[in-house]
Amino acid sequence: MVRRAVDPPARPHGGVTVREALRDPRRLRVEVLAGLVVAVALIPEAIAFSIIAGVDPRVGLFASFTMAVSIAFLGGRPAMISAATGAVALVIAPLVRSHGLDHLVVAVVLGGVLQVVLGLLGVARLMRFLPRSVMVGFVNALAILIFTSQLQYLVDVPWVVYPMVAVGIAVIVLLPRLTSAVPSPLVAIAALTGFVVAAGIAVPDVGDEGALPDTLPTLFLPDVPWTLETLQVVAPYALAIAVVGLLESLMTAKLVDDVTDSGSSKTREAWGQGGANIVTGLFGGMGGCAMIGQTMINVKVSGARTRISTFLAGVFVLLLVVVLGDVVAIIPMAALVAVMVMVAVGTFDWHSVRPATLRRMPRSETLVMVATVAVTVATHNLAYGVGVGVLVAMTLFARRVAHLAEVDRLPSDDDGVARYAVRGQLFFASSNDLVHQFDYAGDPARVVVDLSGAQVWDASTVATMDAVESRYAARGTHVTFEGLDAQSAARHRRLAGHLGGGH
């Protein structure tokens, strides 16, 4: 009986439901404060990603609001944060430069539709084929990217910024040892903002990153010709948005599963991301996906576990920039740098780079991790990094198992019969050299090949068996293959002699 793969079982909330959180004042306080901390950290990120994409800052800010609020209802991973992201910004920047905002909105909506379709088709289940070493590389690369993205705020700035960052880091590290009543990142942000205001010090702040909107988002109908030519222009970008967004979201969801020791519905997360992008596009947003940095702030630093924090993060973004824009604008970037540096430190898998771990780990696993990290950091594109990591892992795996098939000549009571035994899993890699393992010239008129210790997995192996049979037939020798299991025998009967010259 073949069992169908399904998503993890019910109650994927790390032990806390929305209803329970609403009835528990302590848990509700954690969720609310976590949402506030995430919102404060989201604002400069959204503005920066808007600049990367080449759009007005409000396009990124409105996208962060609509993505977070939508995914809070649609997503499959509670407490995960989705908003405007750098990965999507890099993908859409060329489209914005060449065709403008209206074509971007069409691409975002179409990308969302593709994500819904892919989600309903079960593409999320492909996550099981990602090796652990690729996941570790993904996490480490993201930590490095989060850290390096903050370096721009530490170059050519007043000297006082450096001690401010150090103080912010100290507060985030030390305050939880005294109390966990208030998230330490929020305390660090409030304290450093108060210090800057009280001392009258001029340092880079959130307001320097771009103008904050002063109105609510409204429905946006793109002004584009609804023709096949428009579809040809936006379709490649829509596909890139869909693939990159799903990849980053599903891998972030897997990471949160590990952090919270709970399960989540990856299928629902996949189509939920699509739904959130459709909503975002209809409101003129730049699209987005899950955000590893803000998600780690929400889950690991602030302790959030439910959809409440995700929903409030979006709501707070809108309230802060529209209602309290003047207050948000004076938050020093040094405070946010301190928060993001600690997020990077907490995200990086330090165990994976310890000398003892590296000595114990197979070199192939380490190579896969390094390849994933190197490509992701070099390209700032998670899809490239993970794709290369999976390709390296597959290549090394195929190379390793290619040598697992063995051919042994067995003793025979009949001098007129030669017997061979083949053991192992036979597929295109392992069966490639099988044809060279027999003594065609020296064997008698009859050869028996025992495959009871092997399995035939593909047409390449059947073609190799045909080649063996053809080489013996050229010398007048008859070959019999015996011992095949039911599936292997069925595959051999269906394909043998029909693959073209034994190749």
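This report describes salt bridges in the predicted model shown above.

Local features are given where pLDDT is at least 70 and side-chain atom pairs count only at pLDDT 80 or more, whereas totals for chains, interfaces and linings use all residues. Residues are numbered from 1 along each chain as its sequence is written, and side-chain values use heavy atoms, with hydrogens and water left out.

With a salt bridge taken as a side-chain nitrogen of Lys or Arg within 4 Å of a carboxyl oxygen of Asp or Glu, the count comes to nine.

Glu-31 and Arg-27 both belong to helix H2 (residues 25–53), where they are four residues apart, about one turn of the helix; helices (H or I, at least four residues) and strands (E, at least two) are DSSP runs, numbered from the N terminus. Both residues are buried, that is, under 20% relative accessible area, with exposed meaning over 50% and partly exposed in between (1.4 Å probe, protein chains only).

Arg-77 is buried at 3% relative accessible area, and Asp-257 is buried at 8%. Arg-77 and Asp-257 are linked with Lys-266 in a network of salt bridges.

Glu-482 is partly exposed, with a relative accessible area of 30%, and Arg-419 is partly exposed at 28%.
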